[in-house]
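Welcome! Here is a short tour for someone meeting this structure for the first time. Take a moment to look it over before reading on.

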Amino acid sequence: MFKIGIDLGGTKIEAIILNDSLNEIFRKRINTEQEKGYDHILDNIASLYKECSKAINEAEHTFGIGTPGSVSAKTGMLKNSNTVCLNGKPFLPDLEKRIGRKVAIENDANCFAMAEALNGAGKGQSMVFGVIMGTGCGGGIVYKGEVIPGLQSIAGEWGHTTIDYQKGPACYCGKRGCVETFISGGGVEKRYEDLTGEKKSLHEIISLYRSGNQNAGIIMQKFFEHFGVALSNVLAVIDPDIVVLGGGVSNIEELYTLGIDQVKKYHFNDELKTIIVKNTTGDSAGVIGAALIGV
């Protein structure tokens with residue numbers, strides 16, 4: 001049976017088809033265009049799904065989708081999404097109505113963690129903490145091959161634990177100083193703009209940092225420190241065997257030297273035994289995980 005997976009991100013929507021051997025046979029990526037609103041995003045997903053179904057001649061398949069945020073058990077509405085136009089909306093029934101079938105839905109970070117635990121850097125490890133540091137900042141926990149979503153589907157959401165709840169930057173979730181406001185791609189860009197008054201992309205800030213720019217150096221020094229503080233907090237709670245970093249921010253090479261040094265500095269132990277590595281399934285881990293959890 002074929003497996004179709006779709007990963008809904010803040011900037012892109014990606015689809016994949018896996019065959020019986022879990023080999024990729026189709027992939028396509030389109031822009032999310034969240035500025036055009038909720039219905040437009042649903043239409044984009046439905047169109048991409050139908051293109052996948054057509055690619056396998058409508059053959060029998062499962063379908064799963066990874067989304068930012070999760071479905072509220074209380075209301076049935078999507079919650080906690082950094083694509084804020086999705087929050088408070090009946091995302092799952094609306095999508096199922098558009099495509100005429102049932103859909104399995106899971107938090108995008110959980111999909112990422114599942115892919116890395118089963119087929120990536122975390123393969124063979126008992127407790128895997130998967131991190132997405134991209135447009136936003138999320139996390140997922142996989143224990144012995146199973147996603148641990150938690151009672152309220154918020155397990156692993158380290159992006160909305162707080163570093164400075166009194167004076168930190170305002171977060172879309174309503175709190176201040178969330179991890180996401182400091183170490184996501186958008187968070188780093190906003191911190192640079194606050195310091196300099198200039199808008200720069202994360203790629204530009206990294207280039208300036210590596211060329212010795214003072215302002216970029218200040219921002220990146222705080223970035224590594226905040227990463228260390230935030231991740232050491234997670235390690236103190238769940239003590240995973242391995243942490244796998246994903247998302248665009250995970251491509252910053254210095255995370256695996258300077259960043260890990262900061263984790264060691266704040267870690268609640270006399271040594272850091274937890275492995276901290278870059279993902280091996282690339283930026284498609286989320287979509288692979290979505291395919292794996294499909295129904």
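Which side chain meets that of Asp 7 in a salt bridge? In this predicted model, the partner of Asp 7 is Lys 12, with 3.0 Å from N to O. Both Asp 7 and Lys 12 are buried.

This pair also belongs to a wider arrangement. A network of salt bridges links Asp 7 and Lys 12 with Glu 14, Glu 24, Arg 27 and Arg 29. The general idea is simple: side chains of opposite charge can pair when their charged atoms come close. The model has 14 salt bridges, and two further examples follow below.

Let us turn to helix α5, which holds both Arg 191 and Asp 194. They sit three residues apart, about one turn of the helix, and their side chains meet in a salt bridge at 2.9 Å, N to O.

Is Arg 191 buried or exposed? Arg 191 has 17% relative accessibility, and buried means under 20%, so Arg 191 counts as buried.

## A pair across the chain

Another salt bridge joins the side chains of Glu 254 and Arg 210, again with an N to O value of 2.9 Å. Here the pair links distant parts of the chain, with the two residues 44 residues apart. Glu 254 is in the loop between β11 (242-246) and α8 (258-266), while Arg 210 is in helix α6 (residues 202-210).

Arg 210, with a relative accessible area of 45%, is partly exposed.

## The largest pocket

Now for the open space in the model. The largest pocket has a volume of about 950 Å³. How many residues line the largest pocket? There are 45 of them, and those nearest the centre are Asp 108, Ile 132, Gly 134, Thr 135 and Gly 136.

Several elements give two or more residues to this lining: β1 (2-8), α3 (108-119), β9 (137-143), α5 (185-196) and α9 (285-292). The largest share, three residues, comes from α3.

What classes of residue make up the lining of the largest pocket? By class, there are 24 polar, 12 nonpolar and nine charged residues.

Terms used: Residues are numbered from 1 along each chain as its sequence is written. This is a predicted model: local features need pLDDT of at least 70, side-chain atom pairs count only at pLDDT 80 or more; totals for chains, interfaces and linings use all residues. Side-chain values use heavy atoms; hydrogens and water are left out. On a 1 Å grid over the protein atoms alone, a cavity is a set of points where a 1.4 Å probe fits but cannot get out, and a pocket is an open set with protein on both sides within 12 Å along at least five of seven lines; lining residues have an atom within 4 Å of a point. Grid points are joined across faces, edges and corners, and a volume is the space filled by probe spheres set on the points. Helices (H or I, at least four residues) and strands (E, at least two) are DSSP runs, numbered from the N terminus. Ala, Val, Leu, Ile, Met, Phe, Trp, Tyr, Cys and Pro count as nonpolar, Asp, Glu, Lys and Arg as charged, and the others, Gly among them, as polar. A salt bridge is a side-chain nitrogen of Lys or Arg within 4 Å of a carboxyl oxygen of Asp or Glu. Buried means under 20% relative accessible area, exposed over 50%, partly exposed in between (1.4 Å probe, protein chains only).
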